[in-house]
Amino acid sequence: MATRQVLADLVQAWQAQGGEPVDIESVGGVDAAQRVRNGEAFDVVFLAANAIQNLSNAGHVLAGSQVDLMLSSTAVAVPASAKAPDISTEEALRQAVMNASAIGYSTGPSGLALLQLLERWGIAAQVQSRMVQARPGVPVGSLVARGAVALGFQQLSELIHVPGIQIVGTLPQAVAIDTVFSGAVVATTQHAETVQRLLAFMASPAATEAKQRQGMAAVGG
């Protein structure tokens, strides 16, 4: 879901410069990967780079077709009316987590990385009862907005358009959780050449502004 809006913008730009029509269906990453494994008739799939690699290893996408497209950083959000905690350093972020009454996280790569960070800090057991995982496809920001969690972690691109929250910022560099999202040609497609041209466009400098507008960065810059 982190790529939903940026993909919509990129498809619009692709079609504006004469590209073929593209219909994007945005669902949670776990669901998307499973549907490709199940053999649904897709031409292209967009997921976190490691998830694309897993599909490639299993033969569900064409070998060598993976194109890294954008870098997405994980950010922290609190309810709009709440006082923003200090997250400027690793220790400050750790303390903010310890102080939070409930912590929201996703089923996607940012959520997995957050759980690993809590383990590394040695506080996973202490905060386990306060961890609230959003259902697949449900924005963590929506949990923050309605007060179900006091502190929410999710891709910045998924938080920037959610009303009722304030984004405190991205994680400090020492513990940054960044995800590279990639696209690849689904093995069963009849339109491999078209998909490869689409992915080349999405990786080109012409796509950089749309990525930045949606809270992401071009890979490598």
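The legends below describe close-up views of a predicted model.

Local features are given where pLDDT is at least 70 and side-chain atom pairs where it is 80 or more, while totals for chains, interfaces and linings use all residues. Residues are numbered from 1 along each chain as its sequence is written, and side-chain values use heavy atoms, with hydrogens and water left out.

**View 1. Crossing of helices α4 and α5.**
Helix α4 spans residues 90-99 and helix α5 residues 109-121; helices (H or I, at least four residues) and strands (E, at least two) are DSSP runs, numbered from the N terminus. Their axes come within 12 Å and cross at roughly 100°. Axes are lines fitted to C-alpha atoms, for helices over the stretch in contact, and angles run from 0 to 180 degrees between N-to-C directions. The two helices are therefore roughly perpendicular to each other, a term used for angles of 65 to 115 degrees, with under 35 counted as roughly parallel, over 145 as roughly antiparallel and the rest as oblique. On α4 the contact is made by E90, L93, R94 and V97, and on α5 by L118, R120 and W121; contact means heavy atoms within 4.5 Å. By class, these are four nonpolar, no polar and three charged residues. Ala, Val, Leu, Ile, Met, Phe, Trp, Tyr, Cys and Pro count as nonpolar, Asp, Glu, Lys and Arg as charged, and the others, Gly among them, as polar.

**View 2. The largest nonpolar core.**
The largest nonpolar core has 23 residues. Such a core is a set of buried Ala, Val, Leu, Ile, Met, Phe, Trp, Tyr and Cys residues joined through side-chain atoms within 4.5 Å; buried means under 20% relative accessible area, exposed over 50%, and partly exposed in between (1.4 Å probe, protein chains only). L93, V97, L118, W121, L151 and F153 have the most contacts inside the core. Two or more residues come from each of β2, α4, β3 (103-105), α5, α6 (124-127) and β5 (151-155). Helix α5 gives the most, with five residues. F153 touches, beyond four places away in sequence, T74, A75, V76, L93, V97, I103, G104, Y105, S106, L114, V140 and L171. Apart from this core lies another, of 21 residues, among them W14, M70, V195 and L199. In soluble globular proteins, nonpolar side chains tend to be buried together.

**View 3. Helix α3 and its cover.**
Which residues of helix α3 (residues 49-57) are buried? They are A49, A51, I52, L55 and S56. Seen down the axis of α3, these buried residues fall within an arc of 160°, so they line one face of the helix; the arc is that of the directions from the helix axis to the C-beta atoms. On the other side of α3, N50 and N57 are exposed. The cover over the buried residues of α3 includes α2 (29-37), β1 (44-48), β2 (67-79) and β7 (178-185). After α3 comes G59, with a positive phi near 80°.

A32, A33, R35 and V36 of α2 are buried. Down the axis of α2, the buried residues fall within an arc of 160°, so they line one face of the helix. Among the elements covering them are β1 and α3. D31, in helix α2, is partly exposed, with a relative accessible area of 34%. The C-alpha atoms of D31 and P136 are separated by 7.8 Å, although the residues are 105 apart along the chain. G39 follows α2, and its phi is positive, near 90°. The loop between α2 and β1 holds F42, which is partly exposed at a relative accessible area of 22%. Leaving aside neighbours within four places in sequence, F42 is in contact with E25, R35, V36, V186, T188 and T189. From F42 to H191, 149 residues apart along the chain, the C-alpha separation is 9.9 Å.

**View 4. Q133 in strand β4.**
Q133 is found in strand β4 (residues 131-133). With a relative accessible area of 43%, Q133 is partly exposed. Neighbours within four places in sequence aside, Q133 is in contact with Y105, S106 and T107. The C-alpha atoms of Q133 and I103, 30 residues apart along the chain, are separated by 8.3 Å.
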